[in-house]
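The sequence and the structure come first, and the description follows.

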Amino acid sequence: MPGRKKTVVGPALDPVAFQGSLAEWYRIHARKLPWREAVDPYCIWLSEIMLQQTRVAAVIEHYHDFLVKFPTLLSLALAPEDQVLAAWSGLGYYRRARMLHKAAQFITSERGGVLPANSSELRTLPGIGEYTSAAIASIAFGESIAVLDGNVERVLLRITGRAEEPTAAGRAFLRTTAQSLVPAGYQQNGASRVAKVGERNPPGDHNQAMMELGATICLPRSPLCLQCPVHALCRTRGEHGTSPRAKLRSREVAFLLSIRKRGVTTQVLLAKRPPEASLMPGMYELPPLPLDAGGDELSHREPLLRIRHAITNTNYYARIYAPMGPSDDALRKAVPLAKADLHWVNTYTLGTVPLTGLARKVLQRLDVMAMKPPRGPEPEHQTRPKGGRSAPVSDHDEDHDSF
Ligand code: SF4
């Protein structure tokens, strides 16, 4: 059972035994992930930024497509920000994409297009902090520096039998222990270089193995200790003492889905978030509806879709409403935004628009993303989405991705 456990005291951890057992297990059991084949530092950097607080499955979906659109650091640097955000749509935490883009531009203009090859210089780039600099430096350049993410911290606490301690001393303990376990790098005389294809990279492989162990074996709840390669060295062999977690909050929100035809083109009405917004500035979303829109306007309508969307520690319960017909403009009038903030967007271009994660999810769920211009001219009128359901859809989404 989770909860407070006493710190277990015992002999110091043997780094050589630990490294050997972990490396052997990783060699056999490592998941085949697309970025693990890469030696190009740009690809490794991209994967590490995408993986921050994001499920591996979601990153797999976006990693390849992003590299097709921006195959090199230079192509990313030269792209307009909107295109970068559009390629990031669905991964959430869009600040990461903006910082990645800024860093690519800086590297191109100030560093001759070459990514720094050590952790301290990497950390000077936009969007690259302690964790990411260590990951890139060890995996791409073989630097002997430990990564410390949530998975690694959990493994270290359990291995050492230490309870979670959210203090500077607790953090220092984890950093020192993690570093004591990292093998020496292949750098010589402090000079870094790019890893070669198929070359052993002890620090990079070790860091990836630590994260893999936390992600697949040393799970937050019910760790699979009997399958653990370092079981014999572990002082906990089970869950460890943890601090109480913040409770998830719930929030209800509503949005308008308005679709129209213009000639052969289908368009959807989107709102652009203000550039000064603290969350997702400049991104496009469905126009928000106040929950008390038009007095009881929403209360006598059935939503077209209900969907749940989790963002950090908040569960958003979103209802999507569509007009009942061409003459029903009450919902549109209830949108509390100026005309200048609203844009009719051609549905076949939605794949290139920087949409919020929730907007993208709704438009995909209702088949609006897939809408193509019809072959022949059609009369102009407002309509429900093609393929959209006339009956309300109750669809509680269980994904925990973010805007
Ligand atoms: S033995 Fe269990 S608790 Fe210890 S590191 Fe392995 S999986 Fe985690």
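What share of contacts in the chain between residues at least 6 apart in sequence join residues at least 24 apart? The share is 72%, where two residues are in contact if their C-beta atoms, placed from the backbone, lie within 7 Å.

## Basis and overall composition

The model is predicted: local features need pLDDT of at least 70, side-chain atom pairs count only at pLDDT 80 or more, and totals for chains, interfaces and linings use all residues. Residues are numbered from 1 along each chain as its sequence is written.

The chain has 13 helices and 10 strands; these are DSSP runs numbered from the N terminus, helices being H or I of at least four residues and strands E of at least two. Of the 403 residues in the chain, 36% are buried. A residue is buried if 20 or more other C-beta atoms lie within 10 Å of its own, exposed if 12 or fewer, and partly exposed in between, with C-beta atoms placed from the backbone.

## Helix 10

Helix 10 covers residues 168–181, and its 14 residues should span 20 Å at 1.5 Å a residue. The expected span is 1.5 Å times one less than the number of residues. The end C-alpha atoms of helix 10 are 20 Å apart, which agrees.

Leu-174, Thr-177, Ala-178 and Leu-181 are buried in helix 10. Seen down the helix axis, the buried residues of helix 10 fall within an arc of 100 degrees, so they line one face; the arc is that of the directions from the helix axis to the C-beta atoms. Helix 1 (15–29) and helix 9 (150–160) are among the elements that cover these buried residues. The face turned away from the buried side carries exposed residues, namely Ala-168, Ala-169, Ala-172, Thr-176 and Ser-180.

Strand 1 (residues 249–256) pairs with strand 7 (residues 314–321) in the parallel sense, over 8 bridges. Two strands pair if DSSP finds at least two bridges between them. Asn-315 in strand 7 is the bridge partner of Ser-250. Strand 1 also pairs with strand 5 (residues 288–289), in the antiparallel sense and over 2 bridges; here Phe-255 stands opposite Pro-288.

Strand 3 (residues 265–272) contains Gln-267, which is buried, with 20 other C-beta atoms within 10 Å. Beyond its neighbours within four places in sequence, Gln-267 is in contact with Arg-260, Arg-262, Trp-344, Val-345, Asn-346 and Thr-347. Gln-267 and Val-368 are 101 residues apart in sequence, and their C-alpha atoms are 9.3 Å apart.

## Ligand surroundings

Around the ligand there are 15 residues, of which Cys-218, Pro-223, Cys-225, Cys-228 and Cys-234 come nearest. A residue is near a molecule or strand if its C-beta atom, placed from the backbone, lies within 6 Å of it. The shell divides into 10 nonpolar, 3 polar and 2 charged residues. Ala, Val, Leu, Ile, Met, Phe, Trp, Tyr, Cys and Pro count as nonpolar, Asp, Glu, Lys and Arg as charged, and the others, Gly among them, as polar.

## Residues with positive phi

Most residues other than glycine have a negative phi. Gln-53 has a positive phi of about 50 degrees although it is not a glycine. Gln-53 lies in the loop between helix 2 (41–51) and helix 3 (56–69) and is partly exposed, with 13 other C-beta atoms within 10 Å.

Arg-237, likewise not a glycine, has a positive phi of about 50 degrees. The loop between helix 11 (202–216) and strand 1 holds Arg-237, and with 16 C-beta neighbours inside 10 Å Arg-237 counts as partly exposed.
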